[in-house]
Amino acid sequence: MLTLQGKSVYRDICIGRLVFYSGQREIGRVTVEDREAELLRFEKALLAAKCQLRDLYRDSVKVVGETNAEIFRVQEMLLDEEEYRSSVRRMIGEEGVNAEYAVRTVGDKMARELHSVEDIYIRERSQDLLDVTRRVLNVLSGGIGLDLPQEPFILAAEDLMPSEAVQLSGDRVLGFVLSKGSTHSHTAILARSMGVPALMKLGDALDPECDGKQAVIDGFAGVLYIDPDEASMRAMEEKKRESDRRRLQLRELLGKENITRDGKTVKLFANAGNLADVEAACANDAGGIGLLRSEILYLESDSAPDEERQFAFYKQVLEKMNGREVVIRTFDIGADKRVRWLHQERAENPALGMRAIRLGLEKPELLKTQLRALYRAGVYGNLRIMYPMITSVGEVVQLRKLERQAKSELESRGAAYAEKIPTGIMVETPAAALLSDLLAKEVDFFSVGTNDLTQYTLALDRQDEGLERFGDPEHRAVLRLIETVARNAHAAGIWIGVCGELAADTAFTEEFLQMGIDELSVSPGMILEMRQKIREL
Ligand code: PEP
Ligand code: MG
């Protein structure tokens, strides 16, 4: 038995045979006689690859939602990049090499260059470049018939491109295991929204020699067992039965109230980052969306997302939620969530830097565009707007001014919009918590972002895995702040929610209810588990 430890991106268990997928093929350098004909072969392959990507976008929108599918549009754009096309053309035209060799050489070189860039979002584009290169090569070689078995299997690979993950998914793929792969990659995001266990970074021991072997993915522990011995197999089968049983049991809570045994109720909402999450929220019976992180629109674009694109996305979310509350947070970009097109300087302490509403106040057009899209979408559902990273009353006053400007811009355009949208703030800095009595008079609700509130209160960088042991989640300092915020919210007659990761920690549910927290917003998959906990209290 071989036991490999990796990073899990989806908590579930699956048992099946490993099938190694190797998209990489050896490509030799061949001198061609007819350079013109070879150039034409390349152009035709490029066109076919672009058509495939367009089809893939259309099909995957239905599976993983528009925002996740957007990656295939980005890939189509990569194929249009002048530098890419002209470099390949030059190699074929000047050196007389075969199109395959030129495509592979240029693709690899440009991907390496992108990979050496410090910015994580640019770096991840190198994956996309390799992905489109492989696609063009597949077309040139007449297409890959993915010779995959008919019975369900666990897909193993060194790494998997987003398009391969989508194409190889479906009923037969029980899970993904990758020797490389990043938990931030699009492939990880796609696997999560497909709802299959997936392990990344398993290392070189995940070798093609293991092809065909029996394996178990334990997505709870992040462990892959290859050729499990009888005892481990039995333990895993039992764990899977238990997990299936629990999942099924929890489904009995669909449609039930979030009520404690002594009659206290709390709203259970879902956190979402894309349309697939919104669908998962509905499937898990969330009362609403307590936090829609809007920054995905900004992170996946090559330029600032325009009003129309944002409007279409927010409208879709509101319509899917069909009258239930949806809290959309204005962009929390900047600092660690750097977007290429903003050309921000790398800050010494990014978490304390130019992010969220600071960026919005610095670049008012960016925030006003989002506000206009939100006000227009507000006509189609039950919308609330929430501002991240507030530290003072003065910031709220400045934001109010931008709100008025955005509305009057819509007014002068004669656009339809929702005039009265409740507006709240995230309480995620100690400053906001300490000023919560004053802030409560200015806004319609609070939502406590415990992820950042913990980082700023305990002076503990949330990106630094090495500091995890100092991050005691039970730290009384954070809980005392939340208690103060709850008291101040209720004294001013506004509601308070918690939307950070602590909201889903059942060890704190009782304490949150005692504080009078009105809403808990957790990942969609945690809704029913939380409902069960509340009903037991
Ligand atoms: C938080 O800080 O707790 C929060 C919910 O926001 P994010 O994790 O997106 O910073
Ligand atoms: Mg936050």
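Two strands are said to pair if DSSP finds at least two bridges between them. Helices (H or I, at least four residues) and strands (E, at least two) are themselves DSSP runs, numbered from the N terminus. The structure is a predicted model, in which local features need pLDDT of at least 70, side-chain atom pairs count only at pLDDT 80 or more, and totals for chains, interfaces and linings use all residues. Residues are numbered from 1 along each chain as its sequence is written, chains are lettered from A and ligands numbered from 1 in the order in which they are written, and side-chain values use heavy atoms, with hydrogens and water left out.

Strand E5 (residues 173-178) runs parallel to E4, and five bridges join the two. Within this pairing, leucine 155 is found opposite phenylalanine 176 of E5. E4 also pairs in the parallel sense with strand E3 (residues 13-20), here over four bridges, and isoleucine 154 in E4 has leucine 18 opposite. In a regular strand, side chains alternate between the two faces of the sheet. On one side of E4 are Phe153, Leu155 and Ala157, on the other Ile154 and Ala156, and all are buried. Here buried means under 20% relative accessible area, exposed means over 50%, and partly exposed lies in between (1.4 Å probe, protein chains only).

The next stop is the metal site. The magnesium ion (ligand 2) is coordinated by Glu428 through OE and by Asp452 through OD, at 2.1 Å. This pair links distant parts of the chain, 24 residues apart: glutamate 428 sits in the loop between strand E13 (423-427) and helix H15 (430-434), and aspartate 452 in helix H17 (residues 450-457). Donors are N, O and S atoms within 2.8 Å of the metal (3.2 Å for Na, K and Ca), and sites may look incomplete because water is not among the atoms. Glutamate 428 counts as buried because its relative accessibility is 2%, and aspartate 452 is buried too, with a relative accessible area of 3%.

Strand E10 (288-293) and H17 are the elements that give two or more residues to the shell, and H17 provides the largest share, three residues. Ligand 1 is surrounded by 15 residues, the closest being Arg293, Arg329, Gly449, Asn451 and Arg462; a residue is near a molecule if one of its heavy atoms lies within 4 Å of it. A polar side-chain atom of arginine 293 comes within 2.7 Å of an oxygen atom of ligand 1.

Finally, two backbone angles deserve a look. Most residues other than glycine have a negative phi. Asparagine 322, however, has a positive phi near 45°; this residue lies in the loop between helix H11 (307-321) and strand E11 (325-329). Alanine 356, in helix H12 (residues 356-362), has a positive phi of about 50°. Asparagine 322 counts as exposed because its relative accessibility is 65%, whereas alanine 356 is buried, with a relative accessible area of 0%.

How values were computed. A polar contact is a pair of N or O atoms within 3.5 Å; within protein, one must be able to donate a hydrogen and the other to accept it, and residues adjacent in sequence count only if both atoms are side-chain atoms.
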